[in-house]
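Here is a note for a colleague who is meeting this structure for the first time. Please read the points with the model open beside them.

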Protein chains: 2
Amino acid sequence: MDSVAKHDSSQPRLKLHHGTPETLQSEVHDHLFCLMSRQEVNANQVIFFEGDPCNSIFEVAKGVVRIYKVLQDGRRQITGFLTRGDFLGLSLDDHYVYTAEGVTDVTLCRYPRDRLEKMLEENPRLSKKLFGLMNGELVSAQFQMLLLGRKTATEKLATFFVQLLQRQEGTEGSEHILNLPMPRGDIADYLGVTTETVSRTIFWMKKVNLIELNKTNQVSIEDLNGLLMLAGPFCSSRLTGTMLNREDRKGITVKG
Amino acid sequence: MDSVAKHDSSQPRLKLHHGTPETLQSEVHDHLFCLMSRQEVNANQVIFFEGDPCNSIFEVAKGVVRIYKVLQDGRRQITGFLTRGDFLGLSLDDHYVYTAEGVTDVTLCRYPRDRLEKMLEENPRLSKKLFGLMNGELVSAQFQMLLLGRKTATEKLATFFVQLLQRQEGTEGSEHILNLPMPRGDIADYLGVTTETVSRTIFWMKKVNLIELNKTNQVSIEDLNGLLMLAGPFCSSRLTGTMLNREDRKGITVKG
DNA sequence: CGAACTCTTGATGCCACTCAATTCTAGTGG
DNA sequence: CCACTAGAATTGAGTGGCATCAAGAGTTCG
């Protein structure tokens with residue numbers, strides 16, 4: 001096979017899942033097409049539990065999935081929201097290391113793990129692509145650790161909005177309309193804060209004209225630069241270009 | 001060169017880096033032996049900066065390395081401490097995504113990235129091994145997100161101690177002596193707290209007889225079960241076996 | 001022995017959590 | 001079409017865990 005990518009590249013999309021170019025997903029998908037079976041999952045339905053034997057690997061075709069880990073007393077940390085093209089359960093472990101649930105109704109492509117692994121060994125190209133996928137996840141995991149350990153609630157929310165914007169870049173006609181398919185509690189558990197804090201922070205952002213709240217699940221971005229400043233320049237390794245120092249950020253913070 | 005591992009394997013080690021069996025490292029090491037060059041790094045010396053062009057990949061042969069990301073104002077999040085057998089800069093990106101420094105004096109094996117990548121494409125076995133390595137890192141990154149987002153300072157410290165114990169399992173004669181090669185500030189930036197909090201928490205643990213403080217950089221574990229309870233049952237996916245509920249943990253917390 | 005650390009300890013303050021009440025929203029059945 | 005209801009989101013008041021600021025005590029090393 002020649003070196004030209006097979007998949008549709010008609011429109012110049014900038015969609016960056018977890019910092020990984022979309023080309024990867026498509027190519028993996030092509031490679032695995034033969035193994036695929038479909039699966040539908042309802043909102044809030046569990047796809048698999050942490051600790052379940054890992055027989056299948058999934059690709060999200062439609063909808064949003066949350067993956068998370070919990071402590072015994074119920075404290076939950078959502079480690080990612082997965083959308084079209086993202087992979088679920090991608091590991092060499094015998095057991096899933098996190099629980100996966102639908103946020104919305106979800107359509108999944110399901111690949112049997114044993115056959116996938118066999119293909120991996122036989123096909124270096126595929127192997128490299130999956131390697132790239134995992135790498136992207138690792139990179140975004142490190143960004144998330146920075147966020148969880150060192151950012152304030154406001155900065156966390158700002159970063160989250162910027163992340164979502166990057167993801168849906170090019171997919172929506174309106175550039176600064178941001179949909180929030182997940183409830184506040186999910187956002188909170190993703191950012192390591194409480195729902196109340198999410199709510200209050202969103203209100204604050206509205207007050208200082210960073211965003212506007214259209215519906216409960218939809219905000220419009222009024223001041224992208226302001227958000228970027230709050231989020232910090234490296235919020236997901238691309239999109240920034242502008243280096244900004246602390247003073248600038250402070251300027252935003254007191255503005256309202 | 002034959003297939004027998006080159007480095008010392010005289011004693012039955014159970015060392016689990018980031019949840020990955022040590023066998024992986026050895027095998028990768030053997031595969032890459034031909035490419036290797038050595039490099040010495042002093043304590044607190046930078047190995048590479050985040051954003052530097054990524055021409056080399058490193059394996060830690062001796063010493064401890066910290067990898068971290070920073071915000072503009074200097075807030076730092078350490079995303080990992082790497083020891084013998086761990087890989088540095090393992091990614092397909094053109095630039096390093098974190099900064100790496102020696103905690104102690106460090107000896108590194110250095111592999112040129114381009115040649116490593118070529119080998120990856122030609123050698124599915126090697127590819128699979130590296131895949132496993134990355135997978136392990138991803139798994140521990142998810143544990144760390146749970147820790148950073150949802151655990152209290154005390155639980156964080158307890159988890160950290162248990163992690164270190166697992167790592168040095170089998171390498172030391174004395175089972176419950178724990179060495180802390182890194183300063184308090186590093187521990188703080190790894191756990192998302194301040195040095196003061198680390199200091200106070202360690203003192204508290206001593207007070208309630210969970211640990212004993214031998215030297216500044218060495219503690220002895222007096223009550224491993226107590227630590228495990230505080231850390232939570234899944235603190236790094238193995239070693240636990242015992243499921244414990246909230247009440248038990250509370251019991252510990254008030255004990256002193 | 002003193003300089004420069006790192007680590008500890010104390011006092012105070014604030015951000016975000018907790019608890020609680022109200023409002024909003026979406027879905028249901030009359 | 002409009003109550004009615006359950007769950008989600010917001011809002012408010014009060015608290016507490018951890019950060020901040022500031023000394024003081026060890027430790028290392030020339």
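The points below go from the chain as a whole to the pairing of the chains, and then to single elements.

1. This is a predicted model, in which local features need pLDDT of at least 70 and side-chain atom pairs count only at pLDDT 80 or more, while totals for chains, interfaces and linings use all residues. Residues are numbered from 1 along each chain as its sequence is written, and chains are lettered from A in the order in which they are written.

2. Chain A has eight helices and 13 strands, these being DSSP runs numbered from the N terminus (H or I of at least four residues for helices, E of at least two for strands). Of its 256 residues, 44% count as buried, a term that asks for 20 or more other C-beta atoms within 10 Å of the residue's own, with C-beta atoms placed from the backbone. Among contacts in chain A between residues at least 6 apart in sequence, 71% join residues at least 24 apart, where contact means that the C-beta atoms, placed from the backbone, lie within 7 Å.

3. In the interface, 38 residues of chain A are in contact with 39 residues of chain B. Helix α3(A) gives the most to the side of chain A that touches chain B, with 18 residues. That side divides into 16 nonpolar, 14 polar and eight charged residues, where Ala, Val, Leu, Ile, Met, Phe, Trp, Tyr, Cys and Pro count as nonpolar, Asp, Glu, Lys and Arg as charged, and the others, Gly among them, as polar. Because 100% of the interface residues of chain A are also interface residues in chain B, the copies meet through the same surface.

4. Leu138(B), found in helix α3 (residues 124-150) of chain B, is buried, with 20 other C-beta atoms within 10 Å. Leaving aside neighbours within four places in sequence, Leu138(B) is in contact with Met134(A), Glu137(A), Leu138(A) and Ala141(A).

5. Within chain A, helix α4 (residues 153-167) and helix α7 (residues 224-231) pack at an angle of about 125 degrees, with their axes 8 Å apart. The residues of this contact divide into seven nonpolar, two polar and one charged.

Key. Axes fitted to C-alpha atoms, helices over the stretch in contact; angles between N-to-C directions. Buried ≥ 20, exposed ≤ 12 C-beta atoms within 10 Å, placed from the backbone. Contact = placed C-beta atoms within 7 Å.
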